[in-house]
Amino acid sequence: MSRRYDSRTTIFSPEGRLYQVEYAMEAIGNAGAAIGVLSKGGVVLVGEKKVTSKLLQTSKSTEKMYKIDDHLACAVAGIMSDANILINTARVQAQRYTFAYQEPMPVEQLVQSLCDTKQGYTQFGGLRPFGVSFLFAGWDKNFGFQLYMSDPSGNYGGWKAAAIGANNQAAQSMLKQEYKDEITKDEAVQLALKVLSKTMDSTSLTSEKLELAEIFLSPSGEVKYQVYSPASLKKELVKFGVTQPPAEA
């Protein structure tokens, strides 16, 4: 039955499904996982870097984490070329708002604006949906720290903890069991690393295989976005017992 209705994004099947949008979500299931955890002291994002070949030069910049504005960042799972288009759109929108109103754009307003763009690609003929999901982490003066997840359909929602990419359902069920409302930022880092280590396809978790970033408030009240360096990430993995410390010679 699906064969007759899956050639275009603009045609509903008799069951009320848009197959092309569902296929876009399936493409994200093959991408490296990303996990976001909301805590009292900030938002933690962790992402799995898929190493497809030993011959590939490892990227010096981040592959999974992107800063959109001083108060907002995102983690990505899916087709990276699609993600780059949307991230650039989001950056321009954030700067336009700051230029017009002289204050940072509210987090949900920016997420909704980007999801409106994604939704347009599911409704007009000749276009295909963006094959990418996002976890948005940010802070604004209205609602404090926030975590949002959006998918190719243009839907988005606020989450306390969320997972996208490979094995996201297993990760989501683990987060549901282990998340606590009064979680601290350090506990959020530990939870995100623990869940990723148990749901990743590879057997060992190393600093080369993942990225970790945080949005938090500095003592002066300024919003900070920080990506962990490989050295500090290695320390975190050893500290929380996710990986073993290197043997001394």
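The model examined here is predicted, so local features need pLDDT of at least 70 and side-chain atom pairs count only at pLDDT 80 or more, while totals for chains, interfaces and linings use all residues. Residues are numbered from 1 along each chain as its sequence is written, and side-chain values use heavy atoms, with hydrogens and water left out.

Phenylalanine 124 sits in the loop between helix 3 (107–120) and strand 5 (132–140); helices (H or I, at least four residues) and strands (E, at least two) are DSSP runs, numbered from the N terminus. With a relative accessible area of 49%, phenylalanine 124 is partly exposed, the class between buried (under 20%) and exposed (over 50%), for a 1.4 Å probe and protein chains only.

Leaving aside residues up to four places away in sequence, leucine 175 touches Ile35, Val37, Ala161, Ala162, Ala163, Leu191 and Val195, where contact means heavy atoms within 4.5 Å.

Strand 2 (residues 42–48) is mostly covered, with 7 of its 7 residues buried. Gly42, Val44, Val46 and Glu48 point one way from strand 2, whereas Val43, Leu45 and Gly47 point the other way. Strand 2 pairs with strand 1 (residues 34–38) in the antiparallel sense over 5 bridges, pairing being assigned if DSSP finds at least two bridges between two strands. These two strands form a hairpin with 3 residues between them, and alanine 34 stands opposite glycine 47. Strand 2 also pairs with strand 9 (residues 210–217), again in the antiparallel sense, over 7 bridges. In that pairing, glutamate 48 stands opposite leucine 210.

Charged side chains complete the picture. The whole structure contains 9 salt bridges, each a side-chain nitrogen of Lys or Arg within 4 Å of a carboxyl oxygen of Asp or Glu. One of them joins arginine 128 and aspartate 82 (2.8 Å, N to O). This pair links distant parts of the chain, 46 residues apart: arginine 128 is in the loop between helix 3 and strand 5, and aspartate 82 is in helix 2 (residues 80–101). Arginine 128 is partly exposed at 48% relative accessibility, whereas aspartate 82 is buried at 8%.

Glutamate 178 and lysine 194 meet through their side chains (2.8 Å, N to O); glutamate 178 lies in helix 4 (residues 168–178) and lysine 194 in helix 5, so the pair ties together parts 16 residues apart in sequence. Lysine 185 forms a salt bridge with glutamate 214, the closest N and O atoms being 3.2 Å apart. Because lysine 185 lies in helix 5 and glutamate 214 in strand 9, this pair ties together parts 29 residues apart in sequence. Glutamate 214 is buried, with a relative accessible area of 3%.
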